[in-house]
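This briefing covers the interface, the core and selected local features of the structure shown below.

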Amino acid sequence: MCQLPLVVPYSYQKLLEILAECSGTPAQIANQTILRKLHGIYFKEYFEHLEARTIVVEREYIDRDFLEDYAAYYVRCFAHYGKRCTRLHFFARDFAESEFNATLAGSDLGVPIEEMRKDYLGFVVVKPLPQTIIGRTCLRTYKEESRRCFPATREYTANLYGLELSVCTLAFQEQDTVAAACATSALWSVFQGTGKLFQHHIPSPIEITKTAAEHWMSRTRILPNTGGLTAEQMAYAIRKVDLEPLLINPTNEFLFQSTLYAYLKCGIPLLLGGSLKDFTDLNAPPLLLGKHAVALTGYSLGRPQLTPEAGFLLNASRIDKIYVHDDQVGPFARMKMEAGYLSTSWRGKDGNLGKVRFFPEIMLLPLYHKIRIPFQSVLNTIMRFDAIVEKLRAKFNFFESRIVWDISLTTVNKFKTNICQSKYIDDKYRINILKSPLPRYLWQATAWDGATPVLDLLLDATDIEQGDCLCLAVKYDNMLSELLRIVLCNDDVISAFTEGPEWRIIHWFRDE
Amino acid sequence: MVALTPKRKMSERTKKVVNDALDFLRTDDGRQQINSAMHQANEASAKLRKASNIDPTLLHQPFTI
């Protein structure tokens, strides 16, 4: 049992001691194990960034997911493994145990509860296992500046001895190599997001592993889960929570950036699988470490220039980094986009960081069944439409530079909330839009002229691909809207266009 | 379909651009340029569609580490 005091001032060294103590293994062994883990290094930088000042140790904590794994596996071990965990709560504020106790007692001498809530950074569950001790971890994200985005987060509440605390994040945990390998851990994190978004049951790691094995029985044993999961097994696990798996090839950089942006911006975390290769020895072929899966949870729009694809400009091409829950590293671990691969925080065989590269091979998206129109279909439509507009723009210069498109999935509620707050439309137009019936899921393609939106195309994501799926166009710019209304709908003109998917857009303006 | 767009008065600049564009698109050269641009967009789309195909052998390889 953890014998630490209740409240401890934060330091990296102290954190390592606490993790070792709470794991339940002899200190000397635990210290060595934890020091070898990447999580320790990652948490050091992460907590420095979050400015952690105090740790509150909550002993005898029952974690639902670990309890499920314990009941299904660990309880049958001859060796005794505890079922109760320790939960460490982190605060960006200094306070002593006496002040904390005063807060619990409701005394004025304690830290005001609202202050505690404001400075709450989240928690880490420490499992009573010899090595794989990092359980459910819910920590505040990096600050979302203009470039960093973490759209797939949700609120988690923690009741600390009666104090209601909350943190906005997406849960992470390391694989225990028993109930879960990397694929299960990544899926578990993804389900943490989709469970809230699409209202489905969030299975524990062992439930995910067992379910996945129902579809395709592995040649070797499923538990302990050293054999991992295949893409087909992961897709089956997604179906079992009543979602539809969509498999994407992420090897083309433009497709990778545009697809992850399109779905992640709506709050849907993605699963990314690929190969890890060690490039420590540049004079020899890279060493294949194996296949690894992570949960994609955020991105950074840090590239100063857009990368055109056949001239077409997409905001998503500014993605220079992604943030993933890498169960071997930590939550929101950064992977930088390089030419054909992603950099990682893994150690190479020389023990140094940054020598291992990740080569994406599959991207798996868990989608609610009503999200039917795939992103690529929308991309195709907008690219063709953009070709027409750009030809006219280049000839008549009604905008100084080429339109930049921002394409992402959204919901009718989010869209209308943004329309409520938009400063680019007048009130009468706003009311008309807000009162229009729209489908639950929409593809939103916004055309930008610099920092000003000129056009919003809303396509029905619940329609069939052959349908007339443009349900609304919001016109912010008078020049472009008149051009579309008069020019593209002129009988002499439209007869020359082939009936491609852009016809839906032209058809809408014609009938408006 | 309900008309949502408020009626706005066209500026002189907008009128000129619209008329010039109409004249341009009524010519064979104008329509040819538009078709050529859309053809390029089609090729880019086709290339992306091809790039999106998954190698089926990857589906059965487990993610283990």
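The model is predicted: local features need pLDDT of at least 70, side-chain atom pairs count only at pLDDT 80 or more, and totals for chains, interfaces and linings use all residues. Residues are numbered from 1 along each chain as its sequence is written, chains are lettered from A and ligands numbered from 1 in the order in which they are written, and side-chain values use heavy atoms, leaving out hydrogens and water.

**Interface of chains A and B**

- Contact (heavy atoms within 4.5 Å) joins 68 residues of chain A to 42 residues of chain B.
- The two chains bury about 5,200 Å² between them, 66% of it on carbon and sulfur atoms; this is the accessible area (1.4 Å probe) lost on being put together, summed over both parts.
- In chain A, the residues losing the most area to chain B are Lys291(A), Phe396(A) and Met479(A), together 12% of what that side buries.
- One salt bridge is found across this interface, a salt bridge being a side-chain nitrogen of Lys or Arg within 4 Å of a carboxyl oxygen of Asp or Glu.
- Glu309(A) forms a salt bridge with Lys47(B), with the closest N and O atoms 3.2 Å apart.
- On the side of chain A that touches chain B, α11(A) gives the most, with 11 residues.

**Nonpolar core**

- A nonpolar core is a set of buried Ala, Val, Leu, Ile, Met, Phe, Trp, Tyr and Cys residues joined through side-chain atoms within 4.5 Å; buried means under 20% relative accessible area, exposed over 50%, partly exposed in between (1.4 Å probe, protein chains only).
- The largest such core has 189 residues, of which Trp405(A), Ile407(A), Trp443(A) and Leu457(A) touch the most other members.
- Helix α11 (residues 375–396) of chain A gives the most to this core, with 11 residues; helices (H or I, at least four residues) and strands (E, at least two) are DSSP runs, numbered from the N terminus.

**Strand β16**

- Ser408(A) lies in strand β16 (residues 404–411) of chain A and is buried, at 5% relative accessible area.
- Beyond neighbours within four places in sequence, Ser408(A) is in contact with residues including Tyr261(A), Lys265(A) and Trp443(A).
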